[in-house]
Amino acid sequence: NKAMKAALFTQFGESIDIVDVPDPIAPDDGVVLKVDATGICRSDWHGWKGHDPDIVLPHVPGHELAGTIVEIGKDIKNWKPGERVTMPFVAGCGHCGPCLSGNQQVCDNQFQPGFTAWGSFAEYVAIRYGDMNLVRLPESIDSAAAASLGCRFATAFRALEAQARLHAGEWVAIFGCGGVGLSAIMVAAAMGARIIAIDIQENKLDKAKELGADIVINSRKVPNIVEAIRDISQGGVQVSMDALGSPDTCFTAIASLAKRGRHVQVGLMLADHKHPAIPMDLVIARELEIYGSHGIQAYRYNILLGMIEAEKLHPECLIEARLSLRQGIDFLQKMDRFPGIGINVITSMQDNS
């Protein structure tokens, strides 16, 4: 039984340690990947804090991954060892109602590395439902950029493209310029929309501008955000996105919509935030639409990868640091205080501090 290095925690909110654990074994319907890169996401922080009911201790986090197949289960038909792949953070089973309708992102029996099973903060990770959920990576896309797609980029893309149905020329207001918000700005810019980005930190707003936001608003300096947005967009935006996930940003984003506008909620609403106030009077009077967006199906990645290969999208612009596993878990534990701009990716699994 070979051992591998993995970042493991045994109590929620307590220290995460790099330890030796047994190598994973490929499930019949899955594969084992050698992890080439894994992104560090706010969801991993929430999981470590104990906000996710699926996590069973002890646990290895990590869900934004790119890797190389090293072993396949006996039922795998579409893949062979040596192929470079990524995957959505929700893997669908392929046989429930949602999966059969093409909506693996809301599968009834989801496999989520880093949540329902051990994740990618390790040298190797076992993935179930491999045939339907792995995504082949083109040579031209490096592993760190591919890992950065896993959750934030792919989620932002589906939220705007499929859920909010954003069209060229429309106004979109994006609240929160962290990893998912900046990804959304890049996607919206590639789609030809006009973009208003809202945050409280100047450095994030500078980055938003650099990545394609037409107008940026520091909500600490503007007394009435809704009014400002409605002024700029002459009556409200067609699409709003709360990329942060707070009762305040959610309410303000919906209130900023034009009549018949579409709001998409991407920022997670967890713990005591999960039932926020909503301006339902406006929803009714203006015939607004409110969408949740949680993930993306593996088969939709070809559009996203196509936009990257065509150089319409540059996910590598969001990578602000490539870290070792040890640096990565240090960063994860401080994410609530120093989230940084963009995306941090672990690219070395060796325990070098």
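## Ground rules

Being a prediction, the model only gives local features at pLDDT of at least 70 and side-chain atom pairs at pLDDT 80 or more, while totals for chains, interfaces and linings use all residues. Residues are numbered from 1 along each chain as its sequence is written, and side-chain values use heavy atoms, with hydrogens and water left out.

Let's start with H4, which spans residues 143–163. Helices here are DSSP runs of H or I with at least four residues, strands are E runs of at least two, and both are numbered from the N terminus. H4 bends by about 60° at glycine 150; that bend is the angle between axes fitted to the seven residues ending there and the seven starting there. After H4 comes arginine 165, with a positive phi near 50°.

H4 packs against H10 (residues 301–309) at about 95°, and their axes are 11 Å apart. The axes are lines fitted to C-alpha atoms, for helices over the stretch in contact, with angles from 0 to 180 degrees between N-to-C directions. That makes the two helices roughly perpendicular, a label for 65 to 115 degrees (under 35 is roughly parallel, over 145 roughly antiparallel, the rest oblique). Contact means heavy atoms within 4.5 Å, and the H4 side of this one includes Gly150, the H10 side Tyr301.

## Two buried spots

Glycine 130 sits in helix H3 (residues 130–133) and is buried, at 0% relative accessibility. It touches Asp29, Gly30, Ile76 and Trp79, leaving aside residues up to four places away in sequence. Its C-alpha is 9.3 Å from that of glycine 92, 38 residues apart along the chain.

Asparagine 218 belongs to strand S10 (residues 215–218) and is buried too, with a relative accessible area of 9%. A polar atom of its side chain lies 2.9 Å from the backbone nitrogen of arginine 220. Setting aside residues up to four places away in sequence, asparagine 218 touches Asp199, Ile200, Glu202 and Leu205.

## Cysteines

How many disulfides are there? The count is 0, where a disulfide needs two cysteine sulfur atoms within 2.5 Å. Cysteine 96 has its closest cysteine sulfur in cysteine 99, but 3.8 Å is too far for a bond. Cysteine 317 isn't in a disulfide either, as the nearest cysteine sulfur, in cysteine 177, is 15 Å away. Cysteine 96 is buried at 7% relative accessibility, whereas cysteine 317 is partly exposed at 34%.

Key:
Buried < 20%, exposed > 50% of the residue type's maximum accessible area, 1.4 Å probe, protein only. Polar contact = N/O pair within 3.5 Å; in protein donor to acceptor, adjacent residues only side chain to side chain.
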